[in-house]
Amino acid sequence: VGVRLVRRPEGRATEDCFELVERPVPQPGPGEVLVRNIYLSIDPYLRGRMDGAFALGEVVPVRVVGEVVASRHPRWHPGDLVWGFLGWERWSIVPAGDELWPVDSGLGPISHFVSVLGMPGRTAWVGMVELGRPGPGDTVVVSAAAGAVGSVAGQLARLAGARVVGSAGTADKVAHCVERLGYHTAFDHRRSASSTGGLAAALQEHCPAGIDVYFDNVGGPLLEAVLPQLNPFARIPVCGMISGYERTDDPGVRGLHNVLAKRATITGFSIYDHMSGFAEWQRRMATLLADGRITYHEEIWEGIESVPAAFLGMLAGDNLGKRLVRVNPDPTT
Ligand SMILES: NC(=O)c1ccc[n+]([C@@H]2O[C@H](COP(=O)([O-])OP(=O)(O)OC[C@H]3O[C@@H](n4cnc5c(N)ncnc54)[C@H](OP(=O)(O)O)[C@@H]3O)[C@@H](O)[C@H]2O)c1
């Protein structure tokens, strides 16, 4: 059983863009591996790919943690835990065995390999530690601060000694940022946007000493509100621009002259350019988790049929931390 894309959205994606498809469990041919998928990833970037990159009629390709159940490839054996780019489906055939990577259950829950020990965690690390480069005395703002990437980015800035300010979309998320993730302060961007002074006033209140690093997950109005409040030599790692993913127009960004005046750096990045040293980084991150210096929240939904609602809800902001869907039992729990 899988979820395939059957219609391209115009603006907001809807449930009827997807269709549940049932097929018999496939058997591996020469060189192939059959994986019983366990955790499917739910990611914002899929929304952009629905506009063209993903083929209509095909199961949506995403990162998955699963277990090898049959193999005609010498590297993989039944019982091996793996992660890879498989799909929103319960069983995947992997054509070339080298598209899979091992999951070391000794490093943490196996779901972590598509969350904090996988792409979202690595993204936070690259964006914050390598591009944002926060230090003591810096004020760091993180948007989508309670989400899969943002929740790690904020904690990494705290560990670097910075003062960390979160922007998140509900009162519960704001509380989670401060009480669980150790942000120094946080604000509700939806509430601030509609109150007197808007986002600019919220930033002034929470960042009285200006902004040295803005880890941008959302783009749009918050980015515009940040620009006039940058300190000299500020850094803006541009991780995502989710506020625009479902728009059909491009409203542009006002206030870019501040980048010149403040000699600021805006750096877009894609995690796929930063995969070398991945296994070593996973061990470092696993240590931070085991020591309690980083905490991580996963939201696990059940059943393949819940995938479209889990995805559309995440785009609308109803997730806390990393959202995953479990489609087969986890043998390690
Ligand atoms: N550059 C890369 O290689 C890379 C890799 C992974 C992810 N990303 C990007 O990183 C960002 C976060 O991804 P994630 O997986 O961690 O997702 P996430 O933050 O767990 O979930 C998405 C969050 O975006 C926020 N959001 C949705 N619509 C918004 C809007 N109009 N304005 C402001 N915020 C909005 C919501 O949080 P609130 O309720 O707090 O608004 C929602 O919970 C995304 O932009 C994604 O595309 C980039």
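The following legends describe close-up views of a predicted model of a protein chain.

**Figure 1. Overall view of the protein chain, with 10 helices and 15 strands.** The radius of gyration is 20 Å, close to the 20 Å that the globule rule gives for 333 residues, so the chain is as compact as a globular protein of that length. Along the principal axes, the C-alpha atoms occupy a box of roughly 60 × 45 × 35 Å. Buried residues make up 54% of the 333 in the chain. Of the contacts between residues at least 6 apart in sequence, 67% link residues at least 24 apart.

**Figure 2. Surface and charged side chains of the protein chain.** The accessible surface amounts to about 14,300 Å², and carbon and sulfur atoms account for 53% of this area. The chain carries 31 positive and 36 negative side chains. The centres of these two sets are 4 Å apart.

**Figure 3. The largest nonpolar core, comprising 43 residues.** Val65, Met128, Val142, Leu156, Cys177 and Met285 are the residues that touch the most other members of this core. Helix α9, spanning residues 278-290, makes the greatest contribution, with six residues. Another core, of 37 residues, lies apart from the largest one and includes Val33, Ile42, Leu131 and Leu315. In soluble globular proteins, nonpolar side chains tend to be buried together.

**Figure 4. Surroundings of Cys177, a member of the largest nonpolar core.** Neighbours within four places in sequence are set aside in this view.

**Figure 5. Helix α2, a mostly covered helix.** The helix runs over residues 119-132, and 12 of its 14 residues are buried. Among the buried residues are Met119, Pro120, Arg122, Trp125 and Val126. Met128 and Leu131 are likewise buried in α2; Met128 belongs to the largest nonpolar core, whereas Leu131 belongs to the core of 37 residues. Just after the helix, Arg133 adopts a positive phi of about 45°.

**Figure 6. Gly127 within helix α2.** Gly127 has a relative accessible area of 0% and therefore counts as buried, the cut-off being under 20%. Beyond residues up to four places away in sequence, Gly127 touches Gly132, Phe215, Pro237 and Phe269. The C-alpha atoms of Gly127 and Gly268 are separated by 9.0 Å, although these residues are 141 residues apart along the chain.

**Figure 7. Helix α3 and the elements that pack against its buried residues.** Helix α3 covers residues 150-159 and is mostly covered, with eight of its 10 residues buried. These buried residues are Gly150, Ser151, Val152, Ala153, Gly154, Gln155, Leu156 and Ala157. They pack against helices α2 and α9, and against β8 (139-143), β9 (163-168) and β11 (211-215). Leu156, buried in α3, is also one of the residues with the most contacts to other members of the largest nonpolar core. Just after α3, Gly161 takes a positive phi of about 95°.

**Figure 8. Glu224 in helix α7.** This helix extends over residues 220-226. Glu224 has a relative accessible area of 17%, which is under 20%, so this residue counts as buried. With residues up to four places away in sequence left out, Glu224 touches Gly252, Val253 and Arg254.

Technical notes:
Residues numbered from 1 in each chain as written. Predicted model: local features only at pLDDT ≥ 70, side-chain atom pairs only at ≥ 80, totals over all residues. Heavy atoms only, no water. Helix = DSSP H or I, 4+ residues; strand = E, 2+ residues; numbered from the N terminus. Buried < 20%, exposed > 50% of the residue type's maximum accessible area, 1.4 Å probe, protein only. Contact = heavy atoms within 4.5 Å. Rg over C-alpha atoms; globule rule 2.2 N^0.38 Å. Areas by Shrake-Rupley, 256 points an atom, 1.4 Å probe, with all protein chains shown as cover. Lys, Arg positive; Asp, Glu negative; His and termini not counted. Charge placed at Lys NZ, Arg CZ, Asp CG, Glu CD. Core = buried A, V, L, I, M, F, W, Y, C linked by side-chain atoms within 4.5 Å.
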